[in-house]
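Colleague: I am new to this one. Please show it to me, and then take my questions.

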Amino acid sequence: MRILILDTYYSEPLGAIYDGNPGLERRPYAEQLRTIYDYGFGRGDSFPATLQKLGHSADQFIINATSVQRRWAEEHGIVVESSEFQQLARRGYQSVRWRLGFRKRLMLDSWEQKVIAAQVEKFAPDVVIFADVLPFSVALLKKLKAKNRLLVGEIGYPIPDHFDLRQYDLILSGAPHFLDHFRKAGLHAELFRLGFDSSILKRLHRAERVLDAVFIGTVGDLHTRRTAMLEELAQRVPISCFGHCADSLPADSPLRAKMQPPLWGYDMYRTLQQARIAINMHIDVAENRAGNIRLYEATGMGTLLLTDWKSNLPELFEVGREVVAYHSVEECAEQISYYLAHEEERAAIAAAGQRRTLTEHTIDCRTRELVGILERYFSRDGQAIQSIRLAG
C-alpha cells in the first residue's frame, strides 16, 4: 500500500525548535523536517519509517508546520498568494492554530489546503491518515477523495457534535469508549492504541534516577479534577510538576511552587528517565478507560508508572507487577511514599512494565496492527472501499 500521514504538532515544541535553530525557516524542506523529527516530539517519523520497513510506500507531512509547508510549496513550484502567508514568511517560524489540548481555530487557510492537495496528488496514496480531523473541511476531504483511496481519521479527543465525519471511510481511536459513539453514528471505527517509540532508548544516555515522583502535563482551570488532586499530593509527598497553565492557579495554590516549565521531546523523556515514579492522571473525557500516551512513555523509559485506576488497565498491564494504580489521592500519596522507601520493589515493577511495553506497546507493534486494520478495508480494485461507502 501507499500510505500518506497528515500529522499536526503542538505550537510550543514547534516554536522551541525554531527558536533553538535560528534561520532554520530558510533552510531546505528536508532539513527543516529532519530537525523537527530529531527533537523527539510525538511520534516523529516513526510510523512512516516502520511502514517502509514492512514493505509499504509511506510518507508524512506536518500540515501545521507553516515554515515547512511553505518551503515544500516553493520547492515544488507552487505559488501561494495569501497576505497571511506572506506575513508568516516574513516573521520566520510557525503561527500554529492549536494550543495544547484545545483548538483555537479549526479550519485550514486556503493556501494551506492548496499545498496539502498538491502533496496528496504528488504522492498518490492508497490510504490517507488524518492524525487530526478538525482542520479539514468537508470540501477539502471531497477533493482528496478518490475511487480507490481510503480516507482514515484518527481521533483521541471529543469533537463537536455537529462536526461531519461522513467523508472518512474509517475512524481510528485509542479511546475505547469513543468507538461505540462513532459506530452508532454509522461510521466504521476500529481501536488503535497509542504506542512508545522504542528507538528513543538508543538516542538517550543512561541517567541516574535523581527525581522522586514527577508529573508532566497540563494543570489549571481546564483540568480541575487533576489540579485539585495534584494540590493535595503536593502537600503530602515530594513531587515535581512540569506543565502548562500554572499562571491560572490561585495565588495560594500549593502547586504553584512545584510547577516548572513544560517539557517537550527528548527533554521530557530525559526527565522520565531520571524519575523513580511517574504519576499519570487521565483527563476527564477518558472516563473509566485508560489509553493516554503517558502509560507507554513512562513504562517505556523504565520508570515506575503510578496511574489512576481504569477498568481496562488490566488489558494493558498487570497491575501490581508491571504498573501500580490508585483509586484516590490518599492511595496515590501512600503508593508514592511506599515505593520511594522500597527501592527494590519499585525497580522490579518498573523493569517489568518496561518489558511489557517493549514487547506489546511499541510503535512497531502498533504499525503492524495498523496494517492489519487497513488491509481489511482497502483493496486495489476499490471494491472494499466502495462497499463500506455504500454501507455508510
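The questions below go from the whole chain to single residues.

Modeller: Some ground rules come before the questions. This is a predicted model: local features need pLDDT of at least 70, side-chain atom pairs count only at pLDDT 80 or more, and totals for chains, interfaces and linings use all residues. Residues are numbered from 1 along each chain as its sequence is written, and side-chain values use heavy atoms, leaving out hydrogens and water.

Colleague: How many helices and strands does the protein have?

Modeller: Both kinds of element are DSSP runs, numbered from the N terminus: helices are H or I with at least four residues, strands are E with at least two. By that count, the protein has 17 helices and 14 strands.

Colleague: What share of the residues is buried?

Modeller: Buried means under 20% relative accessible area, exposed means over 50%, and partly exposed lies in between (1.4 Å probe, protein chains only). The protein has 392 residues, and the buried share is 56%.

Colleague: Among contacts between residues at least 6 apart in sequence, what percentage joins residues at least 24 apart?

Modeller: Contact means heavy atoms within 4.5 Å. Of the contacts between residues at least 6 apart, the share that joins residues at least 24 apart is 68%.

Colleague: What is the strand order in the open sheet of six strands?

Modeller: Two strands pair if DSSP finds at least two bridges between them. Strand 1 (residues 2–7) runs parallel to strand 2 (residues 57–62), joined by six bridges. Strand 1 also pairs with strand 5 (residues 127–130), in the parallel sense, over four bridges. The whole sheet has parallel pairing, in the order 2-1-5-6-7-8.

Colleague: Which strands stand at the edges of that sheet?

Modeller: Each edge strand has a single partner strand, so one side of each is left without a neighbour in the sheet. The edge strands are strand 2 and strand 8 (189–191).

Colleague: What is the average twist from one strand to the next?

Modeller: Angles run from 0 to 180 degrees between N-to-C directions, and axes are lines fitted to C-alpha atoms, for helices over the stretch in contact. From one strand to the next, the twist averages 20°.

Colleague: Which residue is the bridge partner of leucine 6 in strand 2?

Modeller: Look at strand 1, where five of the six residues are buried. Isoleucine 5 has isoleucine 129 of strand 5 as its bridge partner. For leucine 6, the partner in strand 2 is phenylalanine 61.

Colleague: What do the buried residues of helix 3 pack against?

Modeller: Helix 3 (residues 46–53) lies across strand 1 and strand 2, at about 170° to strand 2. Its buried residues are Ser46, Phe47, Pro48, Thr50 and Leu51. They pack against strand 1, strand 2 and helix 16.

Colleague: At what angle do helix 3 and helix 16 pack?

Modeller: Angles under 35 degrees count as roughly parallel, over 145 as roughly antiparallel, 65 to 115 as roughly perpendicular and the rest as oblique. The axes of helix 3 and helix 16 (residues 363–377) are 10 Å apart, and the packing angle is about 65°. That makes helix 3, relative to helix 16, roughly perpendicular.

Colleague: Which residues of helix 16 make the contact with helix 3?

Modeller: Helix 3 brings Ser46, Phe47, Thr50 and Leu51 to the contact. From helix 16 come Ile363, Asp364, Arg366, Thr367, Leu370 and Val371.

Colleague: Why is helix 10 described as oblique to helix 14?

Modeller: The axes of helix 10 (residues 224–234) and helix 14 (residues 329–341) come within 10 Å. They cross at roughly 45°. That angle makes helix 10, relative to helix 14, oblique.

Colleague: Which residues of helix 14 contact helix 10?

Modeller: Helix 10 supplies Met229, Glu232 and Leu233. Helix 14 supplies Val329, Cys332, Ala333 and Ile336.

Colleague: Is alanine 124 buried or partly exposed, and what is its relative accessible area?

Modeller: Alanine 124 lies in the loop between helix 6 (110–123) and strand 5. Its phi is positive, near 55°, in a residue other than glycine. Alanine 124 is partly exposed, with a relative accessible area of 38%.

Colleague: What is the relative accessible area of glutamate 287?

Modeller: Glutamate 287 sits in the loop between strand 12 (275–280) and helix 12 (294–300). Its phi is also a positive value, near 55°. Glutamate 287 is exposed, with a relative accessible area of 53%.
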